[in-house]
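Subject: Structure handover

Hello,

Here is the structure I promised to pass on. Please open it and keep it beside this email as you read.

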Amino acid sequence: MRKITVITFFLFIIISCTDKEEIGKLIEVEGKVEKGPFTQGSTVTMQELDANLALTGNSFQTDIRSNEGDFKFETSLEFQSQFAQIACDGYFFNEIEGDLSNSQIRLEAIVSTEDENGFNVNILTHLVKDRIIKLIKEDNYSYKNASLKASEELLGNFGLQRYKDLEFRNISITSENDNSG
């Protein structure tokens, strides 16, 4: 009788570990980082956040591949959580001066690993990042609803309500459409 209990317990541990490994999701991550486009060699870091939006320690790093701000992680990234933060540190093309910036800046974005439609980082994603975090943590919004509300609020402050349905992480200044401006 005792042997059966030990074997059952051992099988439960194996099944539990196996199930946990299957929770992770592999995603391909690529996008652009733009204030003006970040320059080749700028560092892009993607860090997993837990359900409370705290860092999990799961972190990945790559570089901007071109002077158009393009980045791509060469392998699929595995996440256990729905949330991640993308940050980029580097120089950018200063469109006002028509030259490279004199110093580095950092832009950030909060993204959902469940939504693979875009991972662009720009001034707008940076400006709404903290608001998205607050809406998720304190008001129990879903990522999508928090992102839309934060975007709508920011655009409303600038009298740009007509763009309220745009998702900032999908915007690129190099896109050939009216929204890129």
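Below is what was found, taken region by region. Keep in mind that this is a predicted model.

**Strand β2**

Start with β2, residues 30–34. Of its 5 residues, 4 are buried, so the rest of the structure largely encloses the strand. Which strands does β2 pair with? One is β5, residues 70–72, which runs antiparallel to β2 and is joined to it by 3 bridges. Look for Gly 31 there: its bridge partner in β5 is Phe 71. Another is β11, residues 121–122, which pairs with β2 in the parallel sense over 2 bridges. In that pairing, Val 33 stands opposite Val 121.

Now move along the chain to Ser 42. This residue sits in the loop between β2 and β3, and β3 covers residues 43–49. Is Ser 42 buried or exposed? Its relative accessibility is 4%, and the cut-off for buried is under 20%, so Ser 42 counts as buried.

What does Ser 42 touch, leaving out residues up to four places away in sequence? The contacts are Thr 62, Asp 63, Ile 64, Cys 88, Asp 89, Gly 90 and Tyr 91. There is also a polar contact: a polar atom of the Ser 42 side chain lies 2.9 Å from the backbone oxygen of Thr 39.

Strands β3 and β4 pair over 6 bridges, in the antiparallel sense. Thr 43 has Asp 63 as its bridge partner in β4. Asp 63 is also one of the residues that Ser 42 touches.

**Aromatic pairs**

How many aromatic pairs does the structure hold? There are 3. Two of them are described here, including Phe 38 with Phe 92. Their ring centres are 6.3 Å apart and their planes lie at 35°, so this pair is tilted. Phe 38 is in the loop between β2 and β3, while Phe 92 is in the loop between β7 and β8, so the pair ties together parts 54 residues apart in sequence. Phe 38 and Phe 92 are both buried.

Phe 60 and Phe 79 form an edge-to-face pair. Here the centres are 5.5 Å apart, with 65° between the planes. Phe 60 belongs to β4 (residues 55–63) and Phe 79 to β6 (residues 77–79), so this pair ties together parts 19 residues apart in sequence. Phe 60 and Phe 79 are buried too.

**Helix α3**

Finish with α3, residues 143–157. This helix has 15 residues. From first C-alpha to last it reaches 21 Å, close to the 21 Å expected. Its buried residues are Tyr 143, Ala 146, Ser 147, Ala 150, Ser 151, Leu 154 and Leu 155.

After α3 comes Gly 159, with a positive phi near 70°.

Best wishes

Notes. Residues numbered from 1 in each chain as written. Predicted model: local features only at pLDDT ≥ 70, side-chain atom pairs only at ≥ 80, totals over all residues. Heavy atoms only, no water. Buried < 20%, exposed > 50% of the residue type's maximum accessible area, 1.4 Å probe, protein only. Contact = heavy atoms within 4.5 Å. Polar contact = N/O pair within 3.5 Å; in protein donor to acceptor, adjacent residues only side chain to side chain. Expected span 1.5 Å × (residues − 1). Pairing = 2+ DSSP bridges. Phe/Tyr/Trp six-rings, centres within 6.5 Å; stacked < 30°, edge-to-face > 60°.
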